[in-house]
Amino acid sequence: MVKPVDRAPSPRVFVVVLATCGLVASFMQTLVVPLIPAFPRLLSTSPSDASWVVTATLIAGAVVMPVSGRLGDLYGKRRLLLISLGFLVAGSVVSALTSSLALMVVGRGLQGCAMGAIPLGISIMRDELAPERVGSAISVMSSTLGVGGAIGLPVSALVAQNADWHVLFWASAGLGLVCGLLILFVVPESPVKTPAPFDYLGAVGLTVGLVCLLLPIVKGGEWGWGSGRTLGFAGTAVVILLIWGFYQLRRRDPLVDLRVSARRPVLFTNLASIMIGFALYSLALSFPQLLQAPASTGYGLGLMMVQAGLCLAPNGVVMFMLSPVSARLIERYGPRTTLMVGATTIAAGYVFATLLMDNAFELITASIIIGGGVGIAYAAMPALIMGSVPVTETASANGLNSLMRSVGTSTSSAVMATMLASLAITVGGVSVPSAEGFRMSFAVAAGAALLGLALTAFVPKQRQPEPLVASAH
């Protein structure tokens, strides 16, 4: 049995520990990106099957966030946070000990379960910190969704290029273990719980529905958008999720309170989150390819994998550094206006990239602008959500919001990959995206950010930001 911590440490230590867990969890999303071209050889499989190493993590992370959030509300957020980190360690060890595709997919799926740590951490902060500290703490925690991936990319590329690839997984296991020990001995269990039974049937229905929804989104380009498999999974997802929604509305203690989720502030914040998640992943997918494209194309910079990763690292640093700025914007103007500022900044960054993509400095500048916008927007989303839901549902509501971001990133992955592949050219016998393909992808990402801005405009104005802490504190 996990021994509870009697009281919280200093707020600074408390926030640092939870934010570190968020960084490690989000790092799992980009951990294997530098290895993607080599996985068919490393795992003795086809490129198509090797893609499941990434797909498994995306789907597991999307499925686990709303479920772990609800379990945290019911049985303790700290307990579920420790379980999430336990899955990360177990998945890392499985992946570190194998060169088999099947076991690697299992390990990566377990690693994806750690994504529940971020919404759980945000909810713990709301429950434990003094009101004047909650805004800045949530901004820091929210930024880890982007920071971990941005910083992790060059780090994993450096390790993959200079050491045995299994070292990446041993390192992630060690990081997960350290985070678990820090949570165990530093973070107290939140006193805010919901005395209700867990909706097991609702959890199964949501899991099956999301898997059927995300599979055609992630794999549709490979299967064919009009293929029977793609359309079959998509149609099944619609049917299952409709039945699941009807069941949730009739249940006294649902997994997801759809009546609360349908409230105008929550609904439009979640819809805007899909668009912001779409815009974020467009950066991660298109910029590295442009930086590494052969110089003989006339627009590519011909950088090595590690060099490209280092060029994109500053945008993650900017996300983190803007956390206190985001908190001040939320405090002064409210989370709605702050989210609109973030979406506008993201769109401006992509417009900059569309017009100026001739050298590394211009692309680094564009990525920094985009990263700044993402950092501001990601800080505002949980503030909007928590200002509109009961305190007993903060973890599940944040988990659902994180799921919406994952739907955005998964959709972006499919759309951008298809777009860049359809606008490719052949250079030296190798197919690479064309300059027009990159510009088109930047324009679509800018459009997604602007759509997020428009959706946020439908969130009702608030005279004062809603309180982000439980009244008991």
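This is a predicted model: local features need pLDDT of at least 70, side-chain atom pairs count only at pLDDT 80 or more; totals for chains, interfaces and linings use all residues.

Colleague: What makes α4 and α6 roughly parallel to each other?

Modeller: The axes of α4, residues 52-75, and α6, residues 101-112, cross at roughly 30° where they come within 7 Å. Angles under 35 degrees count as roughly parallel, and therefore α4 and α6 are given that description.

Colleague: Why is α5 called roughly antiparallel to α6?

Modeller: These two helices, α5 and α6, pack with their axes 7 Å apart and at an angle of about 160°. That angle makes α5 roughly antiparallel to α6, because the word is used for angles over 145 degrees. The crossing of α5 with α6 is left-handed.

Colleague: What makes you say that the structure holds 0 disulfides?

Modeller: A disulfide is counted when two cysteine sulfur atoms lie within 2.5 Å, and the structure holds 0 of them. Take C21 as a case: the nearest cysteine sulfur to it belongs to C179 and is 4.0 Å away, and C21 is in no disulfide.

Colleague: Why are C21 and C179 described as buried?

Modeller: Buried means a relative accessible area under 20%. C21 has a relative accessible area of 1%, so C21 is buried, and C179, with 2%, is buried as well.

Colleague: Why is S92 counted as buried, and where in the chain is S92 placed?

Modeller: S92 belongs to helix α5, which spans residues 77-96. Its relative accessibility is 0%, so S92 counts as buried. Although S92 and W170 are 78 residues apart in sequence, their C-alpha atoms are 6.5 Å apart in space.

Colleague: How do you know whether I118 is buried or exposed?

Modeller: The relative accessible area of I118 is 0%, so I118 is buried. I118 is found in helix α7, residues 117-128. The C-alpha atoms of I118 and N270 are separated by 16 Å, while along the chain these residues are 152 residues apart.

Colleague: What makes S44 count as buried or exposed?

Modeller: The cut-off for exposed is over 50%, and S44, at 70% relative accessibility, therefore counts as exposed. S44 lies in the loop between α2, residues 39-42, and α3, residues 47-50. Its phi is near 55°, a positive value in a residue other than glycine. That deserves a remark, because most residues other than glycine have a negative phi.

Colleague: Why is D49 called partly exposed?

Modeller: The term covers values between the limits of 20% and 50%, and D49, at 35% relative accessibility, therefore counts as partly exposed. The place of D49 is in helix α3. D49 and V140 are 91 residues apart in sequence, and from C-alpha to C-alpha they are 36 Å apart in space.

Colleague: To turn to the chain as a whole, how do you know that its radius of gyration agrees with that of a compact globule?

Modeller: For 473 residues, a compact globule would have a radius of gyration near 23 Å, and the chain has 21 Å, which agrees. The C-alpha trace spans about 65 × 45 × 45 Å along its principal axes. Of the 473 residues, 58% count as buried, and the chain contains 19 helices and 2 strands.

Note on methods: Residues are numbered from 1 along each chain as its sequence is written. Side-chain values use heavy atoms; hydrogens and water are left out. Buried means under 20% relative accessible area, exposed over 50%, partly exposed in between (1.4 Å probe, protein chains only). Helices (H or I, at least four residues) and strands (E, at least two) are DSSP runs, numbered from the N terminus. The radius of gyration is taken over C-alpha atoms; the globule rule is 2.2 Å times the number of residues to the power 0.38. Axes are lines fitted to C-alpha atoms, for helices over the stretch in contact, and angles run from 0 to 180 degrees between N-to-C directions. Angles under 35 degrees count as roughly parallel, over 145 as roughly antiparallel, 65 to 115 as roughly perpendicular and the rest as oblique. A crossing is left-handed if the near helix is turned anticlockwise from the far one by less than a right angle, and right-handed if clockwise.
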